[in-house]
Amino acid sequence: MAYDGRIMRQALSRFEEDKQRREADFNQRRRRLYDAEPRLHEIEQQLRATMPKLIASALRRGTDPLPAVRVLRDENLELQRERAALLKGMGYPEDYLEEKPACPLCGDTGYHGGQVCRCLREYYKRVQLTELSRMLDLGSQSFETFSFDWYSTERGERKLSPRENMERNYDVCQDYARQFSLRSDNLLLMGQPGLGKTFLSACIARVVSEKGYSVVYDTASNVFARFEARKFIRFGEDARQAGADTRRYLTCDLLILDDLGSEFTSPFTQAALYEVINTRLVENKHTVISSNLSLDAIRQRYSAQVASRLEGMYQTLVFFGQDIRMLK
């Protein structure tokens, strides 16, 4: 599973902020108890001094350290019993002064068994959803809120009515999102504007992101602009950022490239589109592309190589019907 470096840095920052806040709350709680019962503070100091005593006893030459270790152990246990009794008398549980990690799996380090721990992955998912929400209305765009009422049930000369076709597209997109894995296919959503392509793309982005995968959503014009910046801006922060953005497009688990064909087409955009599609196929990364163009139009506007890869390696979903924006 790939992680977006920029998203992960933000997630780590929030992870550390929450960790520091919990530590500050614990220290404040401990100070209140010490003020209410000074003996608790004395016990804590004595317990912290036990370990150096144990080490000193073990290292003392010429004597058997075991009797001294047993004495110190008994002292330690007696202090713990006294502390527990004091806390119980004050109405608190016996372990109230023990600082416990929020995540017992990784001990609040964020990593477990050489992998990103599930607790840090939750931070990553929340940050990623916030980032996606800047371009998508994830508050209302979900599979649960999708409505088929805007699609006609009249078939006309087609085998399927717009509504029947949309129900099929919806099922494919929902299954794709919920069963997404590193072995998933790619999707090409094609049709005229206002038929639900961007809505379903947002639904896919939401579900896949919530599963913990790295998801990047952007319009084709923005993506190609960043590749252009990578090529022509050589130095400084803008160059670094352009390089980072294009790496995100090429390496994220799922790239959703929206509105292909709305950008100004040039030899450069043709080359950039080929790089995105081909690199992600080679690296086994997955892509959802939406476009108002047909495959023939894509072949004419970009290249036969691009069209061939889309035909051979993408599942195509065709959208038709009346423009929902106009109907609304």
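Analyst: A pocket is an open set of points on a 1 Å grid over the protein atoms alone, where a 1.4 Å probe fits and protein lies on both sides within 12 Å along at least five of seven lines. Its volume is the space filled by probe spheres set on the points, which are joined across faces, edges and corners. The largest pocket holds about 460 Å³. This is a predicted model, with local features needing pLDDT of at least 70 and side-chain atom pairs pLDDT 80 or more, while totals for chains, interfaces and linings use all residues. Residues are numbered from 1 along each chain as its sequence is written, and side-chain values use heavy atoms, without hydrogens or water.

The lining (residues with an atom within 4 Å of a point) counts 21 residues. Nearest the centre of the pocket are G194, L195, G196, F199 and R325. By class, 9 lining residues are polar, 7 nonpolar and 5 charged; Gly counts as polar here. Helices (DSSP H or I, at least four residues) and strands (E, at least two) are numbered from the N terminus. At least two lining residues come from each of α6, β5, β6 (286-291) and α12 (324-327). Helix α6 gives the largest share, 3 residues.

Leaving out residues up to four places away in sequence, I204 is in contact (heavy atoms within 4.5 Å) with F143, C173, Y176, A177, L187, L254 and I256. Y176 sits in helix α5. Y176 is buried, because its relative accessible area is 8%. Beyond I204, the residues Y176 touches include L254, H286, T287 and V288. Its C-alpha atom is 9.6 Å from that of V207, 31 residues apart along the chain. A polar atom of the Y176 side chain lies 2.7 Å from the backbone oxygen of D185.

Technical notes: Buried means under 20% relative accessible area, exposed over 50%, partly exposed in between (1.4 Å probe, protein chains only). A polar contact is a pair of N or O atoms within 3.5 Å; within protein, one must be able to donate a hydrogen and the other to accept it, and residues adjacent in sequence count only if both atoms are side-chain atoms.
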